[in-house]
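Colleague: Could you walk me through this one? I would like to start with a single residue and then look at the wider picture.

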Amino acid sequence: MSKIEPVKRVLSYCSWPLVFFSGLTGSYFSFSSDHPMVAFSAVYLSAIAVLFGLERYIPYEGRWLQPDGETANDIAHTLLTKGLLEIATLLAAIFPMLAASVLQPLATLQFSLWPSALPMIIQIVLAVTIAEFGLYWSHRIAHEKLFFWRFHALHHSVTRLWVVNTGRFHVVDSLFKLTLSQIPLYLLGAPLQVFWWLAAVTAFIGILTHCNVDMKTGPFDFVFSTPRLHRWHHSQEIREGNTNYGENIVVFDLLFGTYFNPDRPSSTDIGIKGQIARGFLPQLAQPFTKEGVRQILGRRPKGN
């Protein structure tokens, strides 16, 4: 046996916890620094670089390494939804706190329901769980209701999974998820640092679920959304694809019967039966036209 094979085997078992927990460790030091967002960005880009390398060293699916012509669009969608929306999220997180400070002398408005006295780790777990309830249902609705699927289909239109298309979401789809998942935290008065940690967990889980790395995640599959579970979610087979809606954790998939993890390699037959427009701006516009919706749903034009 080649000496390199044991190294690959060890990496298959260690890469998921290594990237995830080292990413969170880096986030801890970033959020404690004088420039938390700059420091966190450096940690996040480092994790992407590591996964990019692992995709070439121990790929899950070799053919997914081939270009699909969508890289530029994937990056553009990522910058729009994961960049601008994250900034908007941070601003929105600050706003209710400022509003409460201003309005409290004039009214009884207070954001004091959040258990700020608890250790931060418990607050983070609580925030991830509360946000996940909204993420789960917004994701499930996007699959079960055609009005929302027209936007979410963009994410599922990929024919390969790799770290770069993690953020390939239509902006309307992202706003819908953002609204359902984070408004409860605003209303409870969660502090800004809790939102930072929620964003960090989501960021690292996101790049891990999409990475084309042969990871053995074992018991993590029953707690977190992992690459193995997410590949099933991207399956073209509806009974397989309409499962594993959890974005960060799978507690609600387990509770509501949508958890899917059969004892066989997860699907590489991914994509949708409809057609997504070519180009970044046409992809943003497509769900807003009747012809675009017909294309997304794979329906023939009227009169044919």
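**One residue, then the whole**

Modeller: Let us begin with I48, which sits in helix α2, a helix that covers residues 36-57. Please keep in mind throughout that this is a predicted model.

Colleague: Is I48 buried, partly exposed or exposed?

Modeller: I48 counts as partly exposed, because its relative accessibility is 23%, and a residue is called buried when that value is under 20%.

Colleague: And which residues does I48 touch, leaving out those up to four places away in sequence?

Modeller: With those sequence neighbours set aside, I48 is in contact with V163 and I207. As for V19, which lies 29 residues from I48 along the chain, the C-alpha atoms of the two are 9.2 Å apart.

Colleague: How do α2 and α7 pack, then?

Modeller: Helix α7 is made of residues 192-210, and it packs with α2 at an angle of about 15 degrees, the two axes being 10 Å apart. Angles under 35 degrees count as roughly parallel, and therefore α2 and α7 are described as roughly parallel to each other. Their crossing is right-handed.

Colleague: Which residues make that contact?

Modeller: On the α2 side, the contact is made by P36, M37, F40, V43, Y44, A47, I48, L51 and E55, while α7 brings W196, A200, A203, F204, I207, L208 and H210. Sorted by class, the residues in this contact of α2 with α7 are 14 nonpolar, 1 polar and 1 charged.

Colleague: Changing topic, how many disulfides does a search of the whole structure find?

Modeller: The search, which covers the whole structure, finds 0 disulfides. As background, a disulfide is a covalent bond that joins the sulfur atoms of two cysteines.

Colleague: What about C14 and C211, are they buried or partly exposed?

Modeller: C14 counts as partly exposed, because its relative accessibility is 39%. C211, on the other hand, is buried, since its relative accessible area is 2%, and the limit for that word is under 20%.

Note on methods: Residues numbered from 1 in each chain as written. Predicted model: local features only at pLDDT ≥ 70, side-chain atom pairs only at ≥ 80, totals over all residues. Heavy atoms only, no water. Helix = DSSP H or I, 4+ residues; strand = E, 2+ residues; numbered from the N terminus. Buried < 20%, exposed > 50% of the residue type's maximum accessible area, 1.4 Å probe, protein only. Contact = heavy atoms within 4.5 Å. Disulfide = S-S within 2.5 Å. Axes fitted to C-alpha atoms, helices over the stretch in contact; angles between N-to-C directions. Parallel < 35°, antiparallel > 145°, perpendicular 65-115°, else oblique. Left-handed = near helix turned anticlockwise from the far one by under 90°. Nonpolar A, V, L, I, M, F, W, Y, C, P; charged D, E, K, R; others polar.
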